Amino acid sequence: MSDLTRRTAAELAELLRSREVSSVEVTQAHLDRMAAVEGAVGAFLHTNTEEALAAAAEVDARRSAGEDLPELAGVPIAVKDVVVTKGQVTTAASKILEGWVPPYDATLVRKLREAGLPILGKTNMDEFAMGSSTEHSAFGPTRNPWDLERIPGGSGGGSAAAVAAFEAPLAIGTDTGGSIRQPAAVTGTVGAKPTYGGVSRYGLIAMASSLDQAGPVSRTVLDSALLHEVIGGHDPLDSTSLTDPVGGLAEAARSRDLAGVRVGIVSELGGEGYQPGVRASFEHAVELLRSAGAEIVEVSCPSFDYALAAYYLIMPAEASSNLAKFDGMRFGLRVEPESGPVTAETVMAATRGAGFGDEVKRRIILGTHALSAGYYDAYYGSAQKVRTLIQRDFAAAFADADVLVSPTSPTTAFRFGEKLDDPLAMYLNDIATIPANLAGVPGLSLPSGLSDDGLPVGFQILAPAREDARMYRVGGVLERLLTAEWGGPLLDRAPELEVSSR
Ligand code: GLN
């Protein structure tokens with residue numbers, strides 16, 4: 001039954017509902033696949049074999065007892081290690097949290113458990129979700145299943161690689177500037193950042209609170225929509241949570257036509273700096289949308305040119321304050337100074353010095369500087385004004401188009417080390433994904449094909465706030481047209497991973 005790992009979540013849900021397979025079988029098949037390929041891929045930081053099988057057995061028992069279960073009940077899932085899980089180690093890939101066991105579940109984890117999704121384990125990521133390659137993990141990188149010498153994107157490279165390597169049919173990611181969508185793009189998977197406030201942030205280890213959103217990672221648009229419906233909805237524990245539900249997502253993902261849908265190409269996202277093979281793949285997908293009845297228009301969002309600069313002030317400013325709680329007293333690591341007095345301040349300095357990696361320190365310094373007296377107006381204040389301009393650009397563009405589209409990432413997966421010593425080159429990966437976070441609008445990435453280097457390309461669809469269903473509709477139709485051309489899912493073309501018996 002090892003081919004169970006090749007099924008989509010929607011297909012598995014159907015097999016489970018008709019009782020052709022049990023959740024224990026499905027979960028075990030994925031655990032076996034993990035055992036076989038983890039040595040090569042390294043998508044997980046921690047695995048939960050026993051808990052996952054116990055949760056699966058419970059779902060099977062409830063189904064046998066004739067209970068009416070939620071749609072995805074019994075389908076296993078991987079969760080990014082920045083999301084807290086009660087009783088299960090959560091580190092955000094940082095030494096400062098090594099071995100930390102949270103006393104509570106994030107709201108979205110509670111929802112996954114209530115909906116009966118067994119949690120296979122916690123996935124690797126850049127430390128505190130800072131990065132675009134997963135190379136900033138304190139516990140070693142994750143490799144891209146398409147080419148093990150290349151990065152799986154970041155910060156959620158573990159979640160994307162787990163899904164691309166058929167270790168999990170579904171995963172949870174978080175997206176502050178692109179960490180769901182860019183890894184999806186470079187691994188040939190699907191990922192969505194919901195409207196800000198659509199999924200509770202309670203229990204996410206915060207990076208930049210005004211930008212962070214958790215969302216689905218999967219191999220099909222429908223699977224992302226189904227998972228999005230499980231984790232979304234109002235949460236009184238998150239004061240920024242939307243009160244009205246954002247619904248109709250799975251139904252939208254099943255749409256078959258785009259008649260009357262206006263698709264706007266953002267002229268600022270796609271020119272210089274975008275790999276030619278990425279552009280060609282993007283243009284081909286746009287032609288398919290046109291053939292499906294969409295009206296293609298060109299829109300301009302001039303302030304997007306300043307989005308990256310604004311993001312790299314607002315994000316570190318918020319991150320520097322969010323990370324102040326890692327003080328050596330409350331969570332995880334505690335290091336005493338090698339010499340001199342042991343005071344709160346010296347312990348804090350020694351702990352943070354030893355516990356945080358270089359990229360995290362860089363951002364704390366950037367953020368503290370941007371917020372300091374004398375610089376606040378020049379940096380943070382200006383960045384907030386740019387944020388307003390970006391929101392206005394979106395509003396104007398959405399007056400002319402129902403959705404906006406662009407390549408998700410300017411390049412395909414790069415090699416390990418290629419950008420590690422050049423933070424600015426690393427930051428440029430997020431040029432097309434960041435505007436959505438600054439404006440709080442939803443964004444979806446799905447594969448549009450392979451570039452001339454044989455690596456997957458991501459196609460991004462953005463919708464107005466609360467109109468998440470639109471991106472699933474356009475994405476669902478495009479995916480159907482593309483897979484018909486390819487004669488099957490794009491991931492069928494990924495090289496077979498060498499399977500090891502451990
Ligand atoms: N790669 C971006 C960064 O380094 C985005 C991170 C994220 O979305 N968590 O900040």
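Leaving aside neighbours within four places in sequence, Lys80 is in contact (heavy atoms within 4.5 Å) with Lys122, Thr123, Met125, Ala129, Ser155, Gly156, Ser159, Ile172, Gly173, Thr174 and Ser179. The model is a predicted one, in which local features need pLDDT of at least 70 and side-chain atom pairs count only at pLDDT 80 or more, whereas totals for chains, interfaces and linings use all residues. Residues are numbered from 1 along each chain as its sequence is written, and side-chain values use heavy atoms, with hydrogens and water left out.

Lys80 lies in strand E2, residues 77–80, where helices (H or I, at least four residues) and strands (E, at least two) are DSSP runs numbered from the N terminus. Lys80 is buried, with a relative accessible area of 0%; buried means under 20% relative accessible area, exposed over 50%, and partly exposed in between, with a 1.4 Å probe and protein chains only. Ser155, found in the loop between strand E3 (119–123) and helix H5 (157–164), is likewise buried, with a relative accessible area of 0%. Not counting residues up to four places away in sequence, Ser155 touches a set of residues including Lys80, Asn124, Ala129, Ser179 and Pro183.

The unreviewed UniProt entry places the feature "active site" at Lys80, Ser155 and Ser179, and such annotations, given in the numbering used here with feature names shortened, may be inferred rather than shown by experiment. Although these residues are spread over 100 residues of sequence, they cluster in space, the largest C-alpha distance being 10.8 Å.

Of the 15 residues around the ligand, Thr176, Gly177, Ser179, Tyr311 and Asp430 come nearest, a residue being near if one of its heavy atoms lies within 4 Å of the molecule or strand. The table gives polar distances; a polar contact is a pair of N or O atoms within 3.5 Å, and within protein one must be able to donate a hydrogen and the other to accept it, while residues adjacent in sequence count only if both atoms are side-chain atoms.

| Pair | Distance |
|---|---|
| Ala129 backbone N or O atom, ligand nitrogen atom | 2.9 Å |
| Gly178 polar backbone atom, ligand oxygen atom | 3.3 Å |
| Arg363 side-chain N or O atom, ligand oxygen atom | 2.8 Å |

Taken alone, the ligand exposes 290 Å², and the protein buries 100% of that, with accessible areas from the Shrake-Rupley method with a 1.4 Å probe. A polar contact of 2.8 Å also joins the side chains of Ser155 and Lys80.
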